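Please look through the sequence and the 3D structure shown here before reading on. The report that follows is meant to be read with both of them in view.

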Amino acid sequence: MAEEKNTKLQPYGKKVPAIKDSTKKLPDMLSDMVCRKLIRAACEYRNKAYVPYSGFRVGAALLTAQNEIVGGCNIENAAYTPTNCAERTAFFKAVSEGKKEFLAIAVVGGKGDVLKDYCAPCGVCRQVMAEFCDPKSFLVILARSEDDYMIYTLEELLPFGFSGKNLQ
Ligand code: THU
């Protein structure tokens, strides 16, 4: 059982006992304090979600290389496909403000007030992340609360991805 927890894809985070044996190291820039701050911001943005159709509220907090936090929420639409996810809202807000270097993003999502599950970014959002971020170092924090989160690299969430590098 203990060995099972040490598999390659085992996320690291406060609630993951395998962290000590993991080959991954929490980067200095992403201290527990920074993670908590990002999660708090993501929760605040989750309150702004416009979700009349799904009721599924998502909030994201994107950390820029300049140490700023840019938040976003999901914004739904009666025609469904124009719906924008919280992660992309945060990215598009940041890029439109001239910010194009990012270190990490925290994501929280779910129905109702209590976050029961982690909310992983959809495929389209992962692709948008790949446009601007280094897959090996960009970190995605999936949280249920400030005390309960997991961290993945973008590469883990989008292995063998397609990016501008493929077009060079
Ligand atoms: N959603 C996000 O905002 N981010 C995700 O990572 C997954 C899905 C939104 C889109 C839609 O408004 C609702 O959640 C249900 O899919």
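The text below takes up a ligand and the residues around it, then a helix, and then several single residues.

The model is a predicted one, and every value given here is computed from it.

**The ligand and its surroundings**

Which residues lie around the ligand? They are Ser-54, Phe-56, Val-58, Asn-74, Glu-76, Thr-83, Cys-85, Ala-86, Glu-87, Ala-120, Pro-121 and Cys-122. Sorted by kind, the residues of this shell divide into seven nonpolar, three polar and two charged. Strand β1 and helix α2 each supply at least two residues of the shell.

| Residue | Atom in the residue | Distance to a ligand oxygen atom |
|---|---|---|
| Ala-86 | polar backbone atom | 2.9 Å |
| Ala-120 | polar backbone atom | 3.4 Å |
| Cys-122 | backbone N or O atom | 3.4 Å |

Taken alone, the ligand exposes 370 Å², and the protein buries 79% of that area.

**Helix α2**

Ala-86 and Glu-87, which belong to the shell around the ligand, are also among the buried residues of helix α2, which runs over residues 86–96. The buried residues of this helix are Ala-86, Glu-87, Arg-88, Thr-89, Ala-90, Phe-91 and Ala-94. What covers them includes the strands β1 (56–64), β2 (69–73) and β3 (102–111), together with helix α3 (123–132). Just after α2, Gly-98 takes a positive phi of about 90°.

Thr-64 is found in strand β1, and because its relative accessible area is 0%, Thr-64 counts as buried. If residues up to four places away in sequence are not counted, Thr-64 touches Val-70, Lys-99, Glu-101, Phe-102 and Leu-103.

Val-108 lies in strand β3, and with a relative accessibility of 0% Val-108 likewise counts as buried. Leaving out residues up to four places away in sequence, the residues that Val-108 touches include Ile-39, Ala-42, Cys-43 and Arg-46, as well as Val-58, Leu-115, Cys-119 and Ala-143. One of these, Val-58, is also a residue of the shell around the ligand. Although Val-108 and Tyr-149 are 41 residues apart along the chain, their C-alpha atoms are separated by 9.6 Å.

**Tyr-118 in its loop**

Is Tyr-118 buried or partly exposed? Tyr-118 is found in the loop between β3 and α3, and because its relative accessibility is 26%, Tyr-118 counts as partly exposed. Not counting residues up to four places away in sequence, Tyr-118 touches Leu-142, Ala-143, Arg-144, Asp-148, Tyr-149 and Met-150. With one of these residues, Asp-148, the side chain of Tyr-118 is joined by a polar contact of 2.5 Å. Tyr-118 and Ile-141 are 23 residues apart in sequence, while the distance between their C-alpha atoms is 9.4 Å.

**The cysteines**

How many disulfides does the model contain, if two cysteine sulfur atoms must lie within 2.5 Å of each other? The count comes to zero disulfides. Cys-85 is in no disulfide, because the nearest cysteine sulfur, that of Cys-125, is 3.8 Å away, whereas a disulfide needs a pair of sulfur atoms within 2.5 Å. Cys-85 is also one of the residues around the ligand. Another cysteine, Cys-133, is buried, because its relative accessible area is 7%, and buried here means under 20%.

Note on methods: Residues are numbered from 1 along each chain as its sequence is written. This is a predicted model: local features need pLDDT of at least 70, side-chain atom pairs count only at pLDDT 80 or more; totals for chains, interfaces and linings use all residues. Side-chain values use heavy atoms; hydrogens and water are left out. Buried means under 20% relative accessible area, exposed over 50%, partly exposed in between (1.4 Å probe, protein chains only). Helices (H or I, at least four residues) and strands (E, at least two) are DSSP runs, numbered from the N terminus. Contact means heavy atoms within 4.5 Å. A residue is near a molecule or strand if one of its heavy atoms lies within 4 Å of it. A polar contact is a pair of N or O atoms within 3.5 Å; within protein, one must be able to donate a hydrogen and the other to accept it, and residues adjacent in sequence count only if both atoms are side-chain atoms. Accessible areas come from the Shrake-Rupley method with a 1.4 Å probe; for residues, only the protein chains shown count as cover. Ala, Val, Leu, Ile, Met, Phe, Trp, Tyr, Cys and Pro count as nonpolar, Asp, Glu, Lys and Arg as charged, and the others, Gly among them, as polar.
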